[in-house]
Amino acid sequence: MTTRAPRCLLSRSFPLPPLTAARIDRFEAEMAYADTTARSLVLGPAPAPGDINLRSNDYLSLGRHPELVDAQVKALVESGNGEMMSAVFLNPGNPQFDLERKFADLLHAEGAVLFQSGYQANTGLLEAVACPGLPVYIDQMAHASLYQGVMIAGADLRPFRHSDVEHLLRQLRRYGPGIILMETVYSTDGSLGPIAEIMDAAEEFGCILIADESHSLGTHGPGGAGLVVALGLQDRVHFRTASLAKAFCGRAGLVACPRRLAPYLRFTSAPSIFSSAVMPHELVGFARTIDIVQRDEYRRVRLHRNADRLRSNLDALGYNVSASASQIIALEAGSEQSVVRLGQALNARGVYGSPFFAPATPKHRACIRLSVNAALVDDDLERITAVCGEIRAAVGLAEWASTRRKGRRRTPLQREPAGAGAGGHLPVAQAVRDEAGGETALRQAA
Ligand SMILES: Cc1ncc(COP(=O)(O)O)c(C=O)c1O
């Protein structure tokens, strides 16, 4: 198997400026397949019908939900594509404001502002609250959009080791008050951020805390309100952001914030001012999705049960999945070549995850991310487990650095904090009864 591409596979007919050509050379050499397509290493074959797709972030399996699809089709027929203008020109009474209220209520927040994506929500918020010279403490595994927001604001980037509160405290003592950035569920390895401890540190040093809930909104907490609410910290965490392209299955992003910040954010952050507003049918889709997410507790119950089962099966097979305490489970093969080999072995047996390389992961800690969803049934989990068992020797599992670390681990698998999971807020018997009723809906979604 070769993964290194010869230099400059692309046509040389159009003369490129040397600076651009050098960058393309580097991409082709380091990140592309060694064939004539120059396709990125992240791209494998597409799943075929009958394959198991663990690439999607549609955790609650809502993408094809008839209520959601019908509501959007009806809105599209009624309103077309809308006015095609920035959200700053939306008049009072516009449905976007009703949706923002609905999201604010879901998150137990005073206010919420909708952005065109989670990426824009993070950059827009940071641009509005950070400034040149301000220290911004960022978890090393936080999403690229948070890093980007710090750069745009011209603030001082102060990374701290992943979920290492002691390291954060040392930085705080050194550089003083500023902004702390974290995710509640980390998108690459599914670990949970130590929200309460980081909140305590933020308060001790007079910092603002911004928690990205992209991978916990909808999937965790009462009615899908997220982990901050599950932990009762909604009145202490200053800002929560989220991509709505995960459990909410649409294209937009959100900032939950104090009431007074909402107009300021809407009228001063560049993505809000200089990019067009979310479309009418998307607004309707999200309003419907909130109802379904709040109502269908069984989806969360099923999601977490599936994730727990798969995680413990993989653990028993020898994979080091100890970082994961959520629906995201990473198989950390380490090098890019090992990840490509692992991806090919899984794909050949009908299982599809998402390859993640640096800079999305730390260098030498590349992985295949498996995103578990609510529609997986026991047969699917058994099939994934069987495939992962079968390929161990072929993918060199025993030689992975993550496997060696597992050998040294003393503690049992990490678990969600009490009250953070799905069943904590609905009597479990009730949720299981609902789940039986929801079986058909989940199968339709699969
Ligand atoms: C933690 C986190 N924040 C923000 C984003 C950006 O979301 P979007 O795809 O809506 O721009 C993502 C998406 O990958 C994410 O995982």
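The model is predicted, so local features need pLDDT of at least 70 and side-chain atom pairs count only at pLDDT 80 or more, whereas totals for chains, interfaces and linings use all residues. Residues are numbered from 1 along each chain as its sequence is written, and side-chain values use heavy atoms, with hydrogens and water left out.

**Overall make-up**

The chain contains 17 helices and 12 strands, where helices (H or I, at least four residues) and strands (E, at least two) are DSSP runs numbered from the N terminus. Of its 446 residues, 54% count as buried, with buried meaning under 20% relative accessible area, exposed over 50%, and partly exposed in between (1.4 Å probe, protein chains only).

**The ligand site**

The ligand is surrounded by 14 residues, of which Gly 118, Asp 212, His 215, Ser 243 and Lys 246 are the closest; a residue is near a molecule or strand if one of its heavy atoms lies within 4 Å of it. By class, this shell divides into two nonpolar, nine polar and three charged residues, where Ala, Val, Leu, Ile, Met, Phe, Trp, Tyr, Cys and Pro count as nonpolar, Asp, Glu, Lys and Arg as charged, and the others, Gly among them, as polar. Helix α4 (residues 118-129) gives the most to the shell, with three residues.

| Residue | Protein atom | Distance to a ligand oxygen |
|---|---|---|
| Tyr 119 | polar backbone atom | 3.0 Å |
| His 143 | N or O atom in the side chain | 3.2 Å |
| Lys 246 | polar side-chain atom | 3.0 Å |

On its own the ligand has 390 Å² of accessible area, and the protein covers 85% of it.

Asn 122 has its place in helix α4 and counts as buried because its relative accessibility is 2%. Its side chain makes polar contacts (pairs of N or O atoms within 3.5 Å; within protein, one must be able to donate a hydrogen and the other to accept it, and residues adjacent in sequence count only if both atoms are side-chain atoms) with the side chains of Asp 212 at 3.0 Å and Thr 241 at 2.7 Å. Leaving aside neighbours within four places in sequence, Asn 122 is in contact with Ser 145, Leu 146, Asp 212 and Thr 241.

Ala 87 is found in the loop between α2 (66-79) and α3 (95-106), and at 8% relative accessibility Ala 87 counts as buried. Although Ala 87 and Ser 275 are 188 residues apart in sequence, their C-alpha atoms are 8.0 Å apart in space.

Glu 332 lies in strand β9 (residues 328-334) and is also buried, at 14% relative accessibility. Not counting residues up to four places away in sequence, Glu 332 touches Arg 365, Ala 366, Cys 367, Trp 400, Ser 402 and Arg 405.

Notes:
Accessible areas come from the Shrake-Rupley method with a 1.4 Å probe; for residues, only the protein chains shown count as cover. Contact means heavy atoms within 4.5 Å.
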